[in-house]
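Here are my notes on the model you asked me to look over. Have the viewer open while you go through them.

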Amino acid sequence: MAEMTLLEAVNLALHHEMASDPKVIVLGEDVGDNGGVFRATVGLKDKFGCKRVIDSPLAEALIGGVTVGMASQGLRPVAEFQFQGFVFPALEHLMCHAARMRNRTRGRLTCPAVFRAPFGGGIHAPEHHSESVEALFTHTPGFKVVIPSSPQRAYGLLLAAIRSNDPVMFFEPKRIYRTVKSNVEDNGNALPLDTCFTLRKGRDITLVTWGACVVESLQAADELSKQGIEAEVIDLASIQPLDMRTIFASLEKTGRLLVVHEACKTGGVGGEIIARTAEHAMCLLKAPPKRVTGMDTVMPYYRNEDYFMLQEADIIAAARELVEGWK
Amino acid sequence: MNIQAMPMHRFIDHKGTLVTPLPAWLSHDMLVSYYRDMVLTRVYDNKAVALQRTGKLGTYPSHLGAEAIGIAIGRTLKSDDVFIPYYRDMPAMWARGIAMEKNLQYWGGDERGSDFHSESAPHNRPSRDLPFCVPIATQCTHAVGVAAALKIEGGHHAALVTCGDGATSKGDFLESINCAGSWNIPLVFVINNNQWAISVPREIQCGAEFLADKAKGAGITGITVDGNDVVAMLDAVKTALEQAYRGKGATLIEAISYRLSDHTTADDASRYRSEDELQQAWQYEPISRLKQYLINAGRWTEQDETELLELCRKDVEAAVERYLAIIPQAPESAFDYLYESLSDDLHQQRDAIINKAMRMQGAKHG
Ligand SMILES: Cc1ncc(C[n+]2csc(CCOP(=O)(O)OP(=O)(O)O)c2C)c(N)n1
């Protein structure tokens, strides 16, 4: 076991799976000699050669389409987009082809591909480098959407994504790429892609979150605990499919739901979680559910970015309101 | 293969020797003024990188080595033409009349950096130029729209769009030159072929020897130009614009140059690019050859050079001071330009960001 960053865990999973399955191909812009703009693919080209680690021309639609083609023939391509904001040129290939291949061919062909992209704000990046659009892909039937928030989960979920026979949008929270460290065992064990992870037990309120916001949510839970409020913190990890069973089980104890995500509020995944709770578990609730989310505006450039980012204080305030206002 | 040593449209070679007679419209006085522009933008570039290193600027894409391309574009475009830049185009924007501090403001993380009024535009009215484009090659399609609009308007104006060599791999680029050919619109494409797209070398982008050859399939004029020779660039841009003004359609100019810097301040080019290659490229760079030419022609001295550098440093320092003195935008400005008017819900979110900002600023100061 070694202590490593989330980014290194992604790299480790790629090394592991390329070594154990010759069908795994890594492709994208700068993934070869440069090891990717964030260095997620470092060392792969040296180890596996330029037939399996492919620097593509600068063309995301091409990357999307080539990946679909490779996957249709039984390869397991893992495509890298440099930032989630640059997935958009490839959307036609992702939505019209990757997500529908199985359905279109009635199962004759599939698209066992992984599309990786760093996402989210808070790193003082330029325009179009801070998107959080997981809802867009969650709303497209045919994809699995996965977001790891710790090194070990990044490792296990990426293995699962590569082994999945369906296309997986794998979004990596770049704000915590290098700041979150933990021990990772290179044991080849995949994690389930349909289960969320309960990171902290609590009786008073259920905090459901994912990606980099997991960090602030856990901090908030610690602070709330000092104030006498015990929060259960759930890392959703798998956005599509949504594991509502774990959330409902938690709500049976707490009766209070707070969803925390960085993406814009309107049309966000938080709304879906709350809607499902209203449909199926209304009677578990002691208080109306609540969201702490990004605002419905364009992510400001970096001078004003901090005002947009969620903070521990935002989560604490919302949680207290929920618990104290609805005793 | 050293592509910079290949035959292409060129007047002054890398040793400062005239290899083709200067165009008739170009005087030595003009050349001196372009030289001064190029030096100024290089001094600016060095300063901008230093500002990033000291935390006063965000990620910054240096234009080191692209000065001749930018100055030729900025000085040749007329004020009524429309410029559609990509992110490495500071010299062209500056030469077109956009203040240096606007560029600093943009890379300093302030949206108002794209709210420029071109001082060269008539009556200082808002510029019609588009803001910097970050998603690669998308600006090429916008440029087709701009040029079509200019054609419909019916004046004798043109649009000019820039992109990198990597951008020419994207469908957007190919669709744009194709459409420009079929619509016969007043548009000039300039490829800053600086040999690298982050870590990916030019030959991995496509199998063509010259990117200008892509023009043939689109039915437009294509020309490969020494992008380190400001005269060749001026000549090519001028000819292309004149062709556009006369309704003779679009031109694709491939400017062969070299990115002497890292891709951006977030990149480390030594990971993928050899020191030898870089050193060789420095021998072809645009400023020293023009200086040598002007010295040989008796139009420049080391004394002039010293004075110029002093002046440039002063100008740049003054721009930096103006940049640093800019009052920050209000946090709620994130909502103020989203729609013509805000819904009640967005008003509430706007109020929420004001409250949050007051809390955060209170925590910082209190
Ligand atoms: C659609 C898209 N994909 C990826 C990126 C990330 N990116 C920024 S600059 C760059 C390389 C561009 O190379 P080139 O077009 O040659 O221009 P240069 O930067 O070399 O001037 C890449 C891949 C982006 N900005 N937009």
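The points below go from the chains to the ligand, and then to a few single residues.

1. Ground rules. This is a predicted model, so local features need pLDDT of at least 70 and side-chain atom pairs count only at pLDDT 80 or more, while totals for chains, interfaces and linings use all residues. Residues are numbered from 1 along each chain as its sequence is written, chains are lettered from A and ligands numbered from 1 in the order in which they are written, and side-chain values use heavy atoms, with hydrogens and water left out.

2. Chain A. I get 12 helices and 14 strands here, taken as DSSP runs numbered from the N terminus (helices are H or I with at least four residues, strands E with at least two). The radius of gyration is 20 Å, close to the 20 Å from the globule rule for 327 residues, so chain A is as compact as a globular protein of that length. That radius is taken over C-alpha atoms, and the rule is 2.2 Å times the number of residues to the power 0.38. Along the principal axes, the C-alpha atoms fill a box of roughly 60 × 40 × 40 Å. Of the 327 residues, 61% count as buried; buried means under 20% relative accessible area, exposed over 50%, and partly exposed in between (1.4 Å probe, protein chains only).

3. Chain B. The secondary structure comes to 14 helices and 7 strands. With a radius of gyration of 21 Å, close to the 21 Å that the globule rule gives for 366 residues, chain B is also as compact as a globular protein of its length. Its C-alpha trace spans about 65 × 50 × 45 Å along the principal axes, and buried residues make up 58% of the 366.

4. The ligand site. Where does the ligand lie? It lies between chains A and B. Its shell holds 21 residues, the closest being A:Glu60, B:Tyr86, B:Tyr87, B:Arg88 and B:Trp196; a residue is in if one of its heavy atoms lies within 4 Å. The shell divides into 11 nonpolar, 5 polar and 5 charged residues. Here Ala, Val, Leu, Ile, Met, Phe, Trp, Tyr, Cys and Pro count as nonpolar, Asp, Glu, Lys and Arg as charged, and the others, Gly among them, as polar.

5. Ligand distances. An oxygen of the ligand is 2.6 Å from an N or O atom in the side chain of B:Tyr86, and a ligand nitrogen is 3.0 Å from a polar backbone atom of B:Ile136. For B:His263, a side-chain N or O atom is 3.5 Å from a ligand oxygen. The protein covers 97% of the 580 Å² of accessible area that the ligand has on its own (Shrake-Rupley, 1.4 Å probe; for residues, only the protein chains shown count as cover).

6. Cysteines. How many disulfides turn up over all chains? The search finds 0, with a disulfide being a pair of cysteine sulfur atoms within 2.5 Å. A:Cys96 is in none, as the nearest cysteine sulfur, that of A:Cys111, is 13 Å away; A:Cys96 is partly exposed at 36% relative accessible area. The B:Cys140 sulfur is 4.4 Å from its closest cysteine sulfur, in B:Cys163, which is too far for a bond. B:Cys140 is buried, at 1%.

7. A buried arginine. A:Arg116 is in strand 5 (residues 114-119) of chain A and is buried, with a relative accessible area of 2%. Its side chain makes a polar contact of 2.6 Å with that of A:Glu172. The term means a pair of N or O atoms within 3.5 Å; within protein, one must be able to donate a hydrogen and the other to accept it, and residues adjacent in sequence count only if both atoms are side-chain atoms.
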